[in-house]
Amino acid sequence: VEAQRSALVRAVHSRRQLFEVVCAFWHDHFNVPIYDFLGGATYVHYHRDVIRANAFGNFRTMLEGVAQSTAMLYYLDN
C-alpha cells in the first residue's frame with residue numbers, strides 16, 4: 001500500500017511529469033504484481049533501482065536489470 005501511495009504522490013506532485021509517465025509506462029510493460037506474497041517485499045527495490053533508474057536510459061540495460069531483479073524472478077517462479 002505504501003508503494004502505491006508513494007507512486008501516486010510522485011505522479012501528482014512531481015516537477016518531472018514526463019519522467020513519471022515514462023516510469024509508469026515501463027512499469028506497465030514489465031509488470032510485476034505487488035500483491036504476491038514473495039515478490040511484494042522486493043517491489044520497492046524493483047521500482048526504484050530498476051525501472052526508475054533506467055527509465056530514460058538504454059533499453060538493453062533496463063532489460064538486463066529487469067531479468068535479474070528479484071521481483072521478476074519471483075514473479076516468473078525462477
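Predicted model: local features only at pLDDT ≥ 70, side-chain atom pairs only at ≥ 80, totals over all residues.
View 1. Residues are numbered from 1 along each chain as its sequence is written, and side-chain values use heavy atoms, with hydrogens and water left out. Arg52 counts as buried because its relative accessibility is 18% (buried means under 20% relative accessible area, with a 1.4 Å probe and protein chains only).

**View 2. The surroundings of Arg52.** The side chains of Arg52 and Glu20 are joined by a polar contact of 3.0 Å (a pair of N or O atoms within 3.5 Å; within protein, one must be able to donate a hydrogen and the other to accept it, and residues adjacent in sequence count only if both atoms are side-chain atoms). Beyond its neighbours within four places in sequence, Arg52 is in contact with Arg10, Arg16, Phe19, Glu20, Cys23 and His47 (contact means heavy atoms within 4.5 Å).

**View 3. The largest nonpolar core.** This core has 14 residues, and those with the most contacts inside it include Trp26, Tyr46 and Val66 (a nonpolar core is a set of buried Ala, Val, Leu, Ile, Met, Phe, Trp, Tyr and Cys residues joined through side-chain atoms within 4.5 Å). Helices α2, α4, α5 and α6 each supply at least two of its residues, and α2 gives the largest share, four residues. Not counting residues up to four places away in sequence, Val66 touches Phe30, Tyr46, Val50, Ile51 and Met72.

Technical notes
Buried < 20%, exposed > 50% of the residue type's maximum accessible area, 1.4 Å probe, protein only.
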